[in-house]
Amino acid sequence: MTTSYRIVDEPRPGALATLAVDPLWPLLAIMFGGAWLSWPWFALNAFAIGSPTRRREAAVAVGGFVGTTVLLVALLWLNRVDVLRGVGLTYAAVGLVVWKLAVSYWLYVLQGRTFALFQHFHGATRNGLLVVFAGYFLGHRLLAALGEIDSFGWVLRLVLR
């Protein structure tokens with residue numbers, strides 16, 4: 001009979017391990033590219049490093065999009081019923097930015113613990129700088145094109161940005 005010792009936080013990387021990056025890169029992606037790049041990247045990275053909290057991290061990423069949509073709809077409704085106008089609406093929209101940064105930082109903290117162990121036991125990871133740059137330069141064009149489709153595209157653009 002063979003028994004094995006397993007550390008609860010120990011990463012269990014799979015076939016995606018070659019795509020693993022430091023969680024700093026998806027965190028920077030929220031700042032330079034937007035949620036459309038950052039949150040799916042965090043979820044992919046959770047599976048790449050074999051994070052024991054990968055399902056929670058994926059749920060937080062999905063919840064980030066849901067929460068952004070709810071906040072945006074609330075702001076649009078408050079504007080429609082004349083509760084928020086002009087500068088007040090602009091200041092209230094800062095809440096969207098705070099929400100997106102808070103979700104991203106939560107994902108960063110969740111993934112940081114496992115990433116340290118992954119890096120220690122499994123070695124080298126990829127550099128995410130090119131993805132962040134591509135997200136910055138291409139993301140503006142893609143989201144602008146999405147916003148030109150119709151009013152739903154405009155709302156979708158705000159959620160993904």
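Which residues does asparagine 45 touch, not counting residues up to four places away in sequence? In this predicted model, where local features need pLDDT of at least 70, side-chain atom pairs count only at pLDDT 80 or more, and totals for chains, interfaces and linings use all residues, asparagine 45 touches Leu19, Ala20, Val21, Asp22, Pro23 and Gln111, contact meaning heavy atoms within 4.5 Å. Residues are numbered from 1 along each chain as its sequence is written, and side-chain values use heavy atoms, with hydrogens and water left out.

Asparagine 45 lies in helix 2 (residues 35–48), helices being DSSP runs of H or I with at least four residues, numbered from the N terminus. At 1% relative accessibility asparagine 45 counts as buried, a word for under 20% relative accessible area with a 1.4 Å probe and protein chains only. The side chain of asparagine 45 reaches the backbone oxygen of valine 21 at 2.8 Å.

Among the buried residues of helix 3 are Glu57, Gly64, Thr68 and Asn79, and helix 3 is followed by aspartate 82, whose phi is positive, near 60°.

Helix 4 gives the most to the lining of the largest pocket, with six residues, and the lining as a whole includes Ile30, Met31, Lys100 and Arg161.

Methods
1 Å grid on protein atoms, 1.4 Å probe; cavity = no way out; pocket = protein on both sides within 12 Å on 5 of 7 lines; lining within 4 Å. Helix = DSSP H or I, 4+ residues; strand = E, 2+ residues; numbered from the N terminus. Buried < 20%, exposed > 50% of the residue type's maximum accessible area, 1.4 Å probe, protein only. Polar contact = N/O pair within 3.5 Å; in protein donor to acceptor, adjacent residues only side chain to side chain.
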